[in-house]
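Good morning. I have one structure to show today, and I will keep it short. Please look at the picture before I start talking.

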Amino acid sequence: MALKYAGIQVEHREIELRNKPQSMLLASPKGTVPVLCADGLILDQSLDIMRWALEKSDPDAWGAVDSISSQAWIEKNDGPFKALLDQYKYPNRYPDLNPEAVLNAAIDLMLKPMELALQSSQYLLGSKMTWVDVAIFPFMRQFSMVNPKQFDELPFSSVKQWLNQQIESELFHAVMEKRSAWIELSGDDIAPERSK
Ligand SMILES: N[C@@H](CCC(=O)N[C@@H](CS)C(=O)NCC(=O)O)C(=O)O
């Protein structure tokens, strides 16, 4: 979304996680997506990619945020909330955990504070959308999709409204189109001099 928002054209290579191309692993051995190769850099953290894109172009000032509050939201999201999201999504992997306790922990950690913030302003950091909303909503979207009925019944109307606005946005639709996996042609991409 940040790349599209910044008007940056990329060659998008859709990856099958169970069949990672060699060229991707050469660029970034940790083997997670997304990976961006640009300006002679290899960026393999979503936040670094967002930052790089906004440094190039930031027409609506997504980057104009208070760094302490933005960091606090992101750390909470990427750390403990991500852990709870995994536990909520894959209860079979965590047989010792009580699913209801996991849900309640996620509510206390993230949903309640978000609801409070979003009751007083339209976005997490105030009246303007920032990169922090864009970085966090995909995690809340995943959370809402684990058990949609359960999520619907939670008393967090401002979070739901914020989430729906993001999901229904033109920008989100534009980047969520279904793509076929990129096919690596026998290593030609890694060693172009090989091709005859
Ligand atoms: N901190 C990284 C996390 C990236 C990440 O874990 N991506 C997942 C997909 S959402 C992945 O590629 N997992 C590797 C795998 O499943 O093999 C980032 O924000 O870019």
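I will go from the whole chain to its domains, then to one helix, and then to the ligand.

First, a caution: what you see is a predicted model. The chain has 196 residues, and 20% of them count as buried. Along its principal axes, the C-alpha trace spans about 65 × 45 × 30 Å.

What does the secondary structure come to? It comes to 9 helices and 2 strands. Reading from the N terminus, the order of the elements is α-α-β-β-α-α-α-α-α-α-α. As for contacts, take the pairs of residues at least 6 apart in sequence: 64% of those contacts join residues at least 24 apart.

Now the domains. The domain assignment gives domain 1 as 2–60 + 178–190, and domain 2 as 67–174. Notice that domain 1 is written as two segments. The centres of the two domains, taken over C-alpha atoms, are separated by 25 Å. Domain 1 puts 6 residues into the contact, and domain 2 puts in 5 residues. On the domain 1 side, helices α1 (2–5) and α3 (46–56) each supply at least two residues. That side of domain 1 divides into 5 nonpolar residues, no polar ones and 1 charged.

Next, helix α5, which covers residues 99–120. How far apart are the end C-alpha atoms of this helix? They are 31 Å apart. With 22 residues at 1.5 Å a residue, the helix should span 32 Å, so the two values agree. There is also a bend in α5, of about 45°, at I107.

Which residues of α5 are buried? They are L103, A106, M110, L111, M114 and L118. If you look at the spacing of those numbers, remember how a helix turns. An α-helix has 3.6 residues a turn, so residues three or four places apart point the same way.

Last, the ligand. Which residues are around it? They are L17, G31, T32, V33, P34, Q45 and S46. Three of these, G31, T32 and V33, follow one another in the numbering, and P34 comes next. By type, the shell around the ligand has 3 nonpolar residues, 4 polar residues and no charged ones.

To recap: the chain is assigned two domains, α5 bends at I107, and the ligand shell holds no charged residue. That is all I have.

Note on methods: Residues numbered from 1 in each chain as written. Predicted model: local features only at pLDDT ≥ 70, side-chain atom pairs only at ≥ 80, totals over all residues. Near = placed C-beta within 6 Å. Nonpolar A, V, L, I, M, F, W, Y, C, P; charged D, E, K, R; others polar. Helix = DSSP H or I, 4+ residues; strand = E, 2+ residues; numbered from the N terminus. Expected span 1.5 Å × (residues − 1). Bend = angle between axes of the 7 residues up to and from the residue. Buried ≥ 20, exposed ≤ 12 C-beta atoms within 10 Å, placed from the backbone. Domains from an automatic or database assignment. Contact = placed C-beta atoms within 7 Å.
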